[in-house]
Structures are given as structure tokens and as C-alpha cells.
Amino acid sequence: MKTYRSPRIALSLAAALALPLAACSQPEPPAENAPAVAGEPLATRAVMIGTEGPSLPACSSISRVKAGGTDVYWAPDEMRAVKAKLAGGANVSLCEATNDDAWFGVVFAAPGTDPDMCGVGKSVANAREYQGPCRWGWIKGGTVQLGG
């Protein structure tokens with residue numbers, strides 16, 4: 001005896017199985033301070049902390065975003081998607097810079113949260129990628145007042 005299935009049921013089943021996979025493959029967009037990501041991040045480059053050694057804080061300084069604000073990118077390159085926007089006056093922790101200081105890798109707290117929870121004021125034993133709990137990304141050099 002042959003069993004026949006409705007094409008509609010097969011499509012519904014395929015869609016139901018694909019939905020959880022699609023949800024896992026996309027980075028969650030930042031909540032309060034940015035619009036939806038402007039396209040796929042062509043590549044990401046995590047911000048490194050602890051690059052100055054184990055006797056210094058994981059990130060070198062707290063700086064303030066200059067008036068007019070700045071975009072935060074997934075990697076140090078304007079061709080990458082914008083992942084967040086920071087308003088003028090926002091505090092960021094500078095963690096690393098490109099060789100020409102054209103880009104800074106920063107860590108920043110979500111609006112309304114305590115920046116001390118980011119944990120970058122303490123030293124780390126070895127340089128490593130920043131993995132939270134705060135947000136991170138890349139901003140153009142010249143968009144912050146160093147030492148805030």
C-alpha cells in the first residue's frame with residue numbers, strides 16, 4: 001500500500017525544520033542603540049583584550065565618543081556592516097588599534113548599564129578575544145577623545 005503526502009505538509013515540515021537553523025546562524029542585532037544591521041558582516045574581527053601584557057588593564061583607556069557620534073563596525077574596514085551606533089559623549093574602552101591608528105577595537109556597555117560590568121579594567125593573563133558580557137566592535141580613529 002502506497003502512502004501519499006500532501007505537498008503542503010512536506011513544505012510546512014521543511015519550513016519548520018529550517019526555522020531553528022536560520023535563527024542560530026544570524027548574529028543577534030544590538031538592541032537599544034542601533035538599527036538593524038546594514039547587511040551581512042562580510043567578515044568579523046573580534047576585539048583583542050590584554051594586548052599590553054598581564055600587568056596592565058585588559059583595555060588601555062576609557063575614551064569618549066566625539067560630538068556627532070560614530071558607527072561601530074564588525075571589523076576594521078568601512079566595507080563591513082555597521083553593527084551599532086554610538087552617540088556623542090558615549091564612553092568606550094579602547095582595547096587595541098590597527099598599526100596606523102585608523103581603527104580602534106572598543107568595548108562598550110549597553111545604554112543604561114554599568115560599564116564596570118564589562119570587566120576590561122582588570123588585567124588578564126594572556127591576550128584573547130573579548131567575549132562579553134558587553135558589546136564590542138571597531139570604530140574609526142579620530143572619532144573619540146582619547147582618555148575621555
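The model is predicted: local features need pLDDT of at least 70, side-chain atom pairs count only at pLDDT 80 or more, and totals for chains, interfaces and linings use all residues. Residues are numbered from 1 along each chain as its sequence is written, and side-chain values use heavy atoms, with hydrogens and water left out.

Start with the layout. The chain has one helix and nine strands. Helices (H or I, at least four residues) and strands (E, at least two) are DSSP runs, numbered from the N terminus. In sequence order the pattern reads α-β-β-β-β-β-β-β-β-β. Of the 148 residues, 32% count as buried. Buried means under 20% relative accessible area, exposed means over 50%, and partly exposed lies in between (1.4 Å probe, protein chains only). The accessible surface of the chain comes to about 9200 Å². Carbon and sulfur atoms hold 56% of that surface. Accessible areas come from the Shrake-Rupley method with a 1.4 Å probe; for residues, only the protein chains shown count as cover.

How much of the contact pattern joins residues 24 or more positions apart? Such pairs account for 73% of the contacts with a separation of 6 or more. A contact here means heavy atoms within 4.5 Å.

Now look at β6. Six of its six residues are buried. W103, G105 and V107 point one way from the strand, while F104, V106 and F108 point the other way. Two strands have pairings with β6. Two strands pair if DSSP finds at least two bridges between them. β5 and β6 run antiparallel and are joined by four bridges. A97 stands opposite F104 in that pairing. The hairpin of β5 and β6 has five residues between the strands, and D101 takes a positive phi near 60 degrees there. β8 also pairs with β6 in the antiparallel sense, over six bridges. F108 has R135 in β8 as its bridge partner.

Another pairing involves β3 and β4. Strand β3 (residues 70–73) meets β4 in the antiparallel sense over four bridges. Y73 has V82 in β4 as its bridge partner. Four of the five residues of β4 (residues 82–86) are buried, so this strand is largely enclosed by the rest of the structure.

Next come the cores. In soluble globular proteins, nonpolar side chains tend to be buried together. A nonpolar core is a set of buried Ala, Val, Leu, Ile, Met, Phe, Trp, Tyr and Cys residues joined through side-chain atoms within 4.5 Å. The largest one has 19 residues. Those with the most contacts inside it are I49, V107, C118, V120 and Y130. β6 and β8 each supply at least two residues of this core. What does I49 touch, leaving out residues up to four places away in sequence? Its contacts include both C59 and C95, along with V120 and Y130. A second, separate core has eleven residues, among them V65, V92, I139 and V144.

The structure also holds two disulfides. A disulfide is a pair of cysteine sulfur atoms within 2.5 Å. One joins C59 to C95, with 1.9 Å from S to S. This pair links distant parts of the chain, 36 residues apart: C59 sits in the loop between β1 (48–49) and β2 (61–65), and C95 in strand β5 (residues 91–97). Why is this disulfide called right-handed? The torsion about its S-S bond is about 90 degrees, so the link of C59 and C95 is right-handed. C59 is buried at 5% relative accessible area, and C95 is buried at 6%.

C118 and C134 form a disulfide with sulfur atoms 2.0 Å apart. C118 lies in the loop between β6 (103–108) and β7 (128–129), and C134 in the loop between β7 and β8 (135–140), 16 residues apart. The link of C118 and C134 is left-handed, with -90 degrees about the S-S bond. Both C118 and C134 are buried. In sequence order, the bonded cysteines pair 1-2, 3-4.

S63 lies in strand β2 and is buried, with a relative accessible area of 0%. Its side chain makes a polar contact with the side chain of S61 at 3.5 Å. A polar contact is a pair of N or O atoms within 3.5 Å; within protein, one must be able to donate a hydrogen and the other to accept it, and residues adjacent in sequence count only if both atoms are side-chain atoms. T143 sits in the loop between β8 and β9 (144–145). T143 counts as buried at 16% relative accessibility. The side chain of T143 reaches the backbone oxygen of K140 at 2.6 Å.
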